Amino acid sequence: AAEKAEESRLAAVKAENEAKKVEAELRKAQAEQMAAEDALKAEEKKLATKKQNLKKKSTNMSLGVVKRNKAANMLQQLMAKDPLPLQKAKITQAAVVKKCQKATKKAARVTAKAVEARERAEADAKQAADAKQASDDAVIAAEKAIEEATEFLEKVKQEVKGAGKGKLWLMDRELEEAKKYMPKHKLKKLKKQMEAEKKN
């Protein structure tokens with residue numbers, strides 16, 4: 001369970017790193033979108049200023065007829081066609097908007113993956129902690145059972161002193177078998193206790 005929790009944690013870290021990378025791409029796409037919007041606004045402002053100047057010239061009576069008509073004609077031509085720089089800015093703006101939308105969708109997917117991986121890692125860590133607690137409880141129960149068996153064996157030895165050496169030997173042997181599966185630090189403690197009792 002601990003290994004699974006560690007694997008889940010590593011997967012979560014990897015997903016978070018990927019999310020950060022996608023987030024950087026998203027920021028870059030948004031910056032491009034802002035730049036394209038600024039360029040489009042600048043082109044539109046330039047065109048509007050040019051139209052306004054031509055309109056003023058065409059209606060200015062202090063100018064000669066030729067200059068007014070020339071300005072009116074240029075204004076009509078300008079209104080009749082969409083200038084290339086403005087078209088280019090609009091196309092660029094549309095492309096950047098699509099790119100930004102794609103980056104946003106990808107960021108959302110990667111973020112969802114990262115959140116899922118983190119939740120899975122947390123669940124695995126909790127499961128590992130629960131398994132460790134259960135194993136610790138089992139060790140404590142086993143140690144308690146061995147202590148009870150040792151106490152009972154000593155009690156029986158005291159009751160039947162001098163008789164039934166084979167039966168006592170068998171009980172000692174069974175206790176020794178149980179000790180093989182006991183943690184080492186508890187076994188050392190039990191051996192010291194047994195030696196002290198044998199001396200008595």
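**Contacts and salt bridges in a predicted helical model**

Of the contacts (heavy atoms within 4.5 Å) in the protein with a separation of 6 or more, 75% join residues 24 or more positions apart. This is a predicted model, in which local features need pLDDT of at least 70, side-chain atom pairs count only at pLDDT 80 or more, and totals for chains, interfaces and linings use all residues. Residues are numbered from 1 along each chain as its sequence is written, and side-chain values use heavy atoms, with hydrogens and water left out.

User: How many helices and strands does the protein have?

Analyst: Helices (H or I, at least four residues) and strands (E, at least two) are DSSP runs, numbered from the N terminus. The elements run α-α-α-α-α from the N terminus on. The count is 5 helices and 0 strands.

User: Which residue forms a salt bridge with Lys132?

Analyst: A salt bridge requires a side-chain nitrogen of Lys or Arg within 4 Å of a carboxyl oxygen of Asp or Glu. The closest N and O atoms of the pair are 3.2 Å apart. Both residues lie in helix α3, 4 residues apart, or about one turn of the helix. The partner of Lys132 is Asp136.
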